[in-house]
Amino acid sequence: MSGDANPRELIEASVAALLDKGACPIILGGDHSISYPILRAFHHGQGKLDILHIDAHPDLYDAFDGDRYSHACQFARIMEEGLANKLVQVGIRTMNGHQREQAERFCVEVITMREWVRGKRFDLRQPVYLSIDLDAIDPAFAPGVSHREPGGLSVRDVLDIIQNLSVQIIGADVVEYNPHQDLSSATAAVAAKLVKEIIGQVVRTTPTNASKPGGQ
């Protein structure tokens with residue numbers, strides 16, 4: 001691929017290559033805008049899926065600072081292109097009027113932090129792509145992000161979400177880590193723990209060959 005290729009095209013092609021090999025991609029970042037080309041690759045390779053998005057921000061702007069491909073817009077692009085059957089967002093605590101309108105437009109299921117602490121939960125029944133923005137976690141536990149939003153999920157909350165998923169995880173990203181804002185690498189340790197638990201849940205929820213039609 002040429003050196004002047006669009007970064008989104010490079011990401012999409014790289015993820016598509018992994019999917020062609022039957023892999024379950026787990027992508028680390030970095031900027032959350034990568035979720036859009038990742039989901040394009042999934043759509044072309046596997047069709048529509050459900051998305052579980054854990055974040056302080058809904059990232060549903062039509063455009064942010066004039067950029068339709070900003071880290072604040074990726075889920076608007078994903079939903080308007082029909083790349084997902086369902087989008088569930090957990091931990092949201094920065095939603096403005098425009099993004100509420102966008103959530104209604106795209107039929108997004110939003111569970112704000114206020115609703116989460118009052119006991120509201122989600123119900124997923126199809127294979128899911130998991131997208132975790134580290135700023136979903138309260139900065140007391142994960143300060144190494146660019147956009148700190150107090151009043152968030154605990155690490156235990158996010159681990160419980162991962163460990164209690166009963167549906168297959170077919171891909172994931174853990175994003176928005178900023179090492180320049182990290183204190184004693186605390187957030188890096190949290191991110192590593194989340195990735196470890198995601199891998200474990202992938203193993204637990206992926207059907208074995210013996211359970212598939214024609215499996216040996």
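A nonpolar core is a set of buried Ala, Val, Leu, Ile, Met, Phe, Trp, Tyr and Cys residues joined through side-chain atoms within 4.5 Å, where buried means under 20% relative accessible area, exposed over 50% and partly exposed in between, with a 1.4 Å probe and protein chains only. The model is predicted, so local features need pLDDT of at least 70 and side-chain atom pairs count only at pLDDT 80 or more, while totals for chains, interfaces and linings use all residues. Residues are numbered from 1 along each chain as its sequence is written, and side-chain values use heavy atoms, with hydrogens and water left out.

The largest nonpolar core has 34 residues, and those with the most contacts inside it include Leu 52, Phe 122 and Leu 194. Among the elements that give two or more residues to this core are strand S3 (84-92), strand S5 (128-133) and helix H7 (186-205), helices (H or I, at least four residues) and strands (E, at least two) being DSSP runs numbered from the N terminus. The largest share, six residues, comes from H7. A second, separate core of 28 residues includes Leu 39, Leu 49, Leu 83 and Val 110.

In helix H4 (residues 97-105), the buried residues are Gln 99, Gln 102 and Ala 103. Seen down the axis of H4, these fall within an arc of 100 degrees, so they line one face of the helix, the arc being that of the directions from the helix axis to the C-beta atoms. Glu 101 and Glu 104 are exposed on the other side of H4. After H4 comes Cys 107, whose phi is positive, near 55 degrees.
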